[in-house]
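Trainee: I would like to learn how to read features off a model like this one. Where do we begin?

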Amino acid sequence: MELFDSQEAIPVTILTGFLGAGKTTLLNRMLNGSHGLRVAVLVNDFGAINIDTKLIVDVEDNAISLSNGCVCCQIRDDLVETIEEVINRPENPKYILLEASGVADPSGIAMTFAIPNFRDRIRLDSIISIVDTEQVFANADNPYLSILKLQQIGFSDMVILNKVDLVNDEQLQRVKDWINNKMRRVRMVEAVQCDVPLEILLAVGRFDPQQLIESDHGRHHQSTDHGHEFSTWSFETDQPISLDALNEMVKKRLPGNIYRCKGVVYAAEEPTRRAVLQVVGRRSDISLDEEWGDTLPRTQIVAIGAPGSIDPNALTAEFDACISKTAAVSI
C-alpha cells in the first residue's frame, strides 16, 4: 500500500449536484458559521452567497475575507490560476471547498487537482453530491439531464439527500432505490436545508478524536421539522495496527451506514510516525503525518453514522482484527 505525506497537503472537497439541489445553502452555512476554520470557498458567483456584512473583514478583487477564518473566492475561467492564488495566500487555508456548477461534470474538476503543479500541495478529500429529493426526477424526458445527474452522483463519494421534509416516505424510498439500482455502495445522508454536521463533510487540520466524542456525542440535526440524530462510535488501542489490514477493511468491510471515519493510527509498518485515516463515503486514504515524538503512540478513531445504525460490537471486532498479529505476539 502506497502512503503519502499529509503534513503539507491541503484537503479539498468538491460539492456537486444539479441546479437547485442545495449547494449554495450548504456554502452559506459554512461561510456564516462560527467554526473558526480557515477555509477557502471557491464559488462560481458571489451573488448567490448570503454573507452577513458583520463577518466581512476585507474585500479584495477576487476574495472576501471573513472573521470566522473563511475566505470566499470567485472562480474565474482559469480554475488552476484561482487555486494557485488561494494556496499561496499569506495565511494559506487549511481546507478548500469548491462548489461546482449545477450543470458541471465533476470528473473534469477533479482532474484539475491531479495536475503536477498541485502534487503534494493539495489532496482531494471527497466529492459530495447533493440531490433534491423532491425534484430529482424532474426533466425525466431529457436524457442529457438524466445522465448528468447520474454522473454527478456516480462520481461522488457520498450523497446528501436534501429536502427530505418536502417528500413522503414513498418518494424518499424511490430516490434511494433509483440510486442503489444505478450505483454500488453509495452512502446517503438525509438532510433538511443541507443541515449536515461539518464533521461528516470535512477533515480539517490535526484531528483529535476525543474532542469529537466529547462535543458531538448524541448530536442532532438543527432542524425543528425533521430532526436526525447521528450516531458516533470510537475505538482506541495501544497495540500497533497493520495498515494493510486496515486499508483492506475500510475498503471492503466497513458498513455502508458509516458516513465518516477518521483518526490517528499507531502503525506497525511506520511505528515512529502517526498515520492518519480518512474515510468519507466511498473514498478512503491512509497517509503519514509527523513523528510521535514524546507522545505515547496510540490509535484513536471515530466513526459517524446514520441514526441508531452503528453496531458497536461488530465495528470493534472489525478494527480489532486489524491489530498487527506479529506485534501482538511480541507484546
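Mentor: Begin with a term: strands are DSSP runs of E, at least two residues long, numbered from the N terminus. Val276 is found in one of them, strand 13, which covers residues 273-280. Keep in mind that this is a predicted model.

Trainee: How many helices and strands does the protein have?

Mentor: There are 10 helices and 15 strands.

Trainee: Is Val276 buried or exposed?

Mentor: The cut-off for buried is under 20% relative accessible area. Val276 has 13% relative accessibility, so this residue counts as buried.

Trainee: What share of the protein counts as buried?

Mentor: Of its 331 residues, 52% count as buried. The accessible surface comes to about 15,500 Å², and carbon and sulfur atoms hold 47% of that area.

Trainee: Which residues is Thr112 in contact with, leaving aside neighbours within four places in sequence?

Mentor: They are Leu79, Val80, Ile83 and Phe118. For the protein as a whole, take the contacts with a separation of 6 or more: 76% of them are between residues 24 or more positions apart.

Trainee: How do I look for empty space inside?

Mentor: Rolling a probe the size of a water molecule over the atoms shows where empty space is left. In this model the count is two cavities of 30 Å³ or more. The second largest cavity holds about 30 Å³ of space.

Trainee: Which residues line the second largest cavity?

Mentor: The lining consists of Thr13, Leu15, Leu26, Met30, Leu97, Ile128, Leu198, Leu201 and Leu202. Strand 2 (10-16), helix 1 (23-31) and helix 6 (198-201) are the elements that give two or more residues to that lining.

Trainee: How many of the lining residues are nonpolar, polar or charged?

Mentor: By class, eight are nonpolar, one is polar and none is charged.

Methods
Residues are numbered from 1 along each chain as its sequence is written. This is a predicted model: local features need pLDDT of at least 70, side-chain atom pairs count only at pLDDT 80 or more; totals for chains, interfaces and linings use all residues. Side-chain values use heavy atoms; hydrogens and water are left out. Helices (H or I, at least four residues) and strands (E, at least two) are DSSP runs, numbered from the N terminus. Buried means under 20% relative accessible area, exposed over 50%, partly exposed in between (1.4 Å probe, protein chains only). Contact means heavy atoms within 4.5 Å. Accessible areas come from the Shrake-Rupley method with a 1.4 Å probe; for residues, only the protein chains shown count as cover. On a 1 Å grid over the protein atoms alone, a cavity is a set of points where a 1.4 Å probe fits but cannot get out, and a pocket is an open set with protein on both sides within 12 Å along at least five of seven lines; lining residues have an atom within 4 Å of a point. Grid points are joined across faces, edges and corners, and a volume is the space filled by probe spheres set on the points. Ala, Val, Leu, Ile, Met, Phe, Trp, Tyr, Cys and Pro count as nonpolar, Asp, Glu, Lys and Arg as charged, and the others, Gly among them, as polar.
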